[in-house]
Amino acid sequence: MQVVSGSRSLWIYSLLLSSLHLWEGQSTPTPPLFLPPPEIYIHLRTEESAVLVCRAPEGHHGTIFMLYKYREKVDSQEINSSVTEVQFTVRLQEGDSDQQELFCCLYKDQGGRYSGFSPYLPLEHQKADADPTHPIPSYSPPVLSVTPSTGVVKHGDMLSFSCSVPTLPQSLANFENKPVNFVLLRTAVRTGVTSPIFQPQSSRTTNPEPLPGLFTLGPVRGGEEGGYTCLYQIATKKGLVNSTVSNLVHVTIKDTLPLPTLVLQQQTDVWHLLCRGSPAYPGALFSLYLADHDLPVATQRATSILHQVAFPVPVQETPLAFYQCQYTVLLGEAWSNSERSLPLIVTKGAAPPAMPDAPAVDWPLVLGSLSAVVLFLCSLALVVIVAHRKAKAAAEERKKRQEAQFWTQVHAKDHIVDLTLRRASFTSQEWASAGTATETSSRSPLWNSMSTFATPSHQIH
């Protein structure tokens, strides 16, 4: 009856809380919607305490998780980023073995919406003398090791954990008491939430059957940083029994960023300290330091497309000052700092000395000038070739026209014949003169080539 009464009271409390949220929502134009309730289950259990997991439904996340015992809130966890589940450790009170303790939980998302209460989870008390002849055995803790042994990795690296089981007592060293499961526990650095990593899901070995106690994680993306422990489970007649947790192994993610460079540069008659980082990390945060000083002199963020910034030369109190710079980038969920650049000497009140290793010739300018000259010569040569080809084609065309005109004139001269027709009738006087001429011509000793055409024809009338 006590359990039923407590459940009924909690149901009334949930109804009142829901009514309160609805009443508050009526005063705003957009009333909040309630989220689906989470589920609660037991992750680990001992005689004195239990680890409860409050998990939101699939597709939902929360920033605040609250645990209730009957109607009283006994614990809550507020997380910076939205997560799906959290763990609560509760200590069980000593009492009658028939008495139960009821626990439930709810969560709140980033939008301020609350979920409903999860179903009750009963936890029964266990008497220390309930079964004195069969005490729960206590197994030795395993030994956890990690590769690399230092626990320091970079983004993209792989982590390999080995949870080795110590030698069991002779009375338990039989087949039935061999470890059946290995669990790797990770405690996040920021949230402090411990989450289990089971071997079948996390093992990425080439063998279809994962090796007992071997966990492989990676490639590292930023969320693997934290503390790791492991335990093993042995099957007994009463169920699975957990061993004591192993030693703690810390994993740190540290990327080795390229070393920046610091040079003295003049811009519009003003000297600046130019700090240049890696082109692979544009938009980084740059800091300028005095050598052997922990706090920066100046801090400036580069634009999203540049990997360098220019610091004005600070006002110096000493004749000589050594400056260094450093840049910081966000890798995953953590900020990573590069090493400081080599020290740069700056003299007070005098023109900055020229860098000894600076080139005397401005090679980029020289190469650019040579490229411009070569391009101009190539263009000029191309113009000359095109002009020569056009002049040659024009000369050939003119020659062809002259030859055609010449042959046209020659052929026209070959076909011209001058044929003059004369009249055939003569008068008596002309006839007499013609006869005299005939006699004279007959007497002439010279031959006339045109005699045939000159001889008159006689017609009979």
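Why does Cys-163 count as buried? Its relative accessibility is 3%, so Cys-163 counts as buried; buried means under 20% relative accessible area, exposed over 50%, and partly exposed in between, with a 1.4 Å probe and protein chains only. This is a predicted model, in which local features need pLDDT of at least 70 and side-chain atom pairs count only at pLDDT 80 or more, while totals for chains, interfaces and linings use all residues. Residues are numbered from 1 along each chain as its sequence is written, and side-chain values use heavy atoms, leaving out hydrogens and water.

**Disulfides**

- A disulfide is a covalent bond between the sulfur atoms of two cysteines; here the cut-off is a pair of cysteine sulfur atoms within 2.5 Å.
- The whole structure holds three disulfides, and with the bonded cysteines numbered in sequence order the pairing is 1-2, 3-4, 5-6.
- Cys-54 is joined to Cys-105, S to S 2.1 Å, and both cysteines are buried.
- The torsion about the S-S bond of Cys-163 and Cys-230 is about 80°, so this disulfide is right-handed.
- Cys-163 sits in strand E10 (residues 159-164) and Cys-230 in strand E14 (residues 226-236), so the pair ties together parts 67 residues apart in sequence.
- Helices (H or I, at least four residues) and strands (E, at least two) are DSSP runs, numbered from the N terminus.
- Cys-275 and Cys-325 form a disulfide with sulfur atoms 2.1 Å apart, and both are buried.

**Other cysteines**

- Cys-104 is in no disulfide, and the nearest cysteine sulfur, that of Cys-105, is 7.0 Å away.
- Cys-104 is buried, with a relative accessible area of 0%, whereas Cys-378 is partly exposed at 48%.

**A three-stranded sheet**

- Three strands make an open, antiparallel sheet in the order E17-E18-E21; two strands pair if DSSP finds at least two bridges between them.
- Strands E17 (261-267) and E21 (308-312) are at the edges with a single partner strand each, so one side of each is left without a neighbour in the sheet.
- Seven bridges join E17 to the antiparallel strand E18 (residues 270-276), and Gln-267 stands opposite Val-270 in E18.
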